[in-house]
Amino acid sequence: MKITRILLLLCALPLAHAQQPPAFVPNYDEAKVGTYTLPDPLTMNDGSKVLTAQQWRKRRAELLRLFAENVYGRTPTTKPKLRFAEKLRDPNALGGLATRREITIQLTPKSAGPTINLLLYVPNKRAGRVPAFLAMNYGGNHAVHPDPKITLATAWMRENKDNGIVNNRATEKSRGTEARRWPLEMIVQRGYAVATFYYGDLFPDHNNGRPDSIIPHLSKDEDWNAIGAWAWGLSRALDYLEHDKDIDARRVAVMGHSRHGKAALWAGAQDERFAIVISNDSGESGAALARRNFGETVARINTAFPHWFNAKYKTYNDRVAALPIDQHEILALIAPRPLYVASAVEDQWADPRGEFLSAQAASPVYQLLGKDGLNATQMPGMHQPVMSMIGYHIRVGVHDVTKYDWEQFLNFADRHLRQK
Ligand code: GTR
């Protein structure tokens, strides 16, 4: 090789290197979190104080608008005309404990248009309408239980040969791969129905998912994205549950793990029909405070998942202090309804302490509305659930949904739905 070429190559190397963005190094040191000031959920943008429940309604509308404009994007408000069709019914599911049903929710007037495929387990032992948990799944309905009679999802899925996802499609091998996160028998035995659907029915979870999502069917210019579409879908599933004679739609808890937890919070904030909202390990842009520099950050989430939030959110990547909201205010938007925030100690990426502090900072809104917020002055120890109107626990283990989590959600629902 000629010497000039070698020189040229040597010069080009550091240049090529300089074009790479610096690797993200999360902060896990409490001493390095720094100081921050949270916006006050009970102060209007114009500086006036919110002192009454009536003034809170105005502030609530303002906060919803601020979250739509700066984080999740605007959701179209026109109520779609839905059509429901029951496709399957098995009265003897879960060893006779439940009736398993599959319902198609047609989301647009076109019969070949997008649908939500809802899987519903209704307890067979019941007297009248039952309360329900509604949560999206990650692997398709057939992943929540190995039952071979559940219809195999046909939607796009992330390649995962070990889990039976081949050429982005589910195969028989993928049945039951998510089952350990869904203790269906336990939930049904406690008297609750379970409704679930595959989140990819609304928006395939990848950077280029938008054209194949529900969004182009609903609005051309609204600036919303995957989290908004998933939240919208949860409300459409609730529309169906309202129509179902076995379900008491005034007692539906919307639950979500991780990115689904972010969507569940946004759904519960916008749609006050949800009686309970449960966030499991929702972390950054979910329950965790954005201004706390710990674990995942706004910049990092926007870089790794550009399709989750709106365009403006990305402008805050390097200036979170300029956000007109913080995540305790998405929690405050659930008030005065029961809200549960769950963390896991090995899930430091999601910032468990930031989730706890956020729940605490939402409490003044609950108190204004005559409820207790989070009844804890300090972060509780491992497996010491707090069951006030805002509930909270931290458990041992990693980022996941476990039987322990579900037991707390059931206890929380028992406690807060009983009188309704
Ligand atoms: C992570 C993401 C988190 C959380 C998680 C999940 O990669 O950084 O915010 O949403 O995915 O959804 O499992």
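All views come from a predicted model, in which local features need pLDDT of at least 70, side-chain atom pairs count only at pLDDT 80 or more, and totals for chains, interfaces and linings use all residues. Residues are numbered from 1 along each chain as its sequence is written, and side-chain values use heavy atoms, with hydrogens and water left out.

View 1. Two strands pair if DSSP finds at least two bridges between them; helices (H or I, at least four residues) and strands (E, at least two) are DSSP runs numbered from the N terminus. Contact means heavy atoms within 4.5 Å; axes are lines fitted to C-alpha atoms, for helices over the stretch in contact, and angles run from 0 to 180 degrees between N-to-C directions.

**View 2. Salt bridges that link parts of the chain.** A salt bridge is a side-chain nitrogen of Lys or Arg within 4 Å of a carboxyl oxygen of Asp or Glu, and by this rule the count comes to 34 salt bridges. In the pair we opened with, the closest N and O atoms of E329 and R59 are 3.1 Å apart. This pair links distant parts of the chain, with E329 in helix α9 (residues 328-332) and R59 in helix α2 (residues 53-72), 270 residues apart. Next comes R74 with E222, whose closest N and O atoms are 3.5 Å apart. R74 lies in the loop between α2 and β1, and E222 in the loop between α4 (215-218) and α5 (226-243), so the pair ties together parts that are 148 residues apart in sequence. R74 is partly exposed, at 39% relative accessible area, and E222 is partly exposed too, at 24%.

**View 3. The R291 and D326 pair.** R291 forms a salt bridge with D326, the closest N and O atoms being 2.9 Å apart. R291 is buried at 9% relative accessible area, and D326 is buried at 0%.

**View 4. Where α5 meets α6.** The helices α5 and α6 pack at an angle of about 60°, with their axes 8 Å apart. The contact involves I227, G228, W230, A231 and L234 of α5, together with R259, K262, A263, A264, W266, A267 and Q270 of α6. A263 is buried, with a relative accessible area of 0%. Not counting residues up to four places away in sequence, A263 touches M136, I227, W230, A231 and L234.

Methods
Buried means under 20% relative accessible area, exposed over 50%, partly exposed in between (1.4 Å probe, protein chains only).
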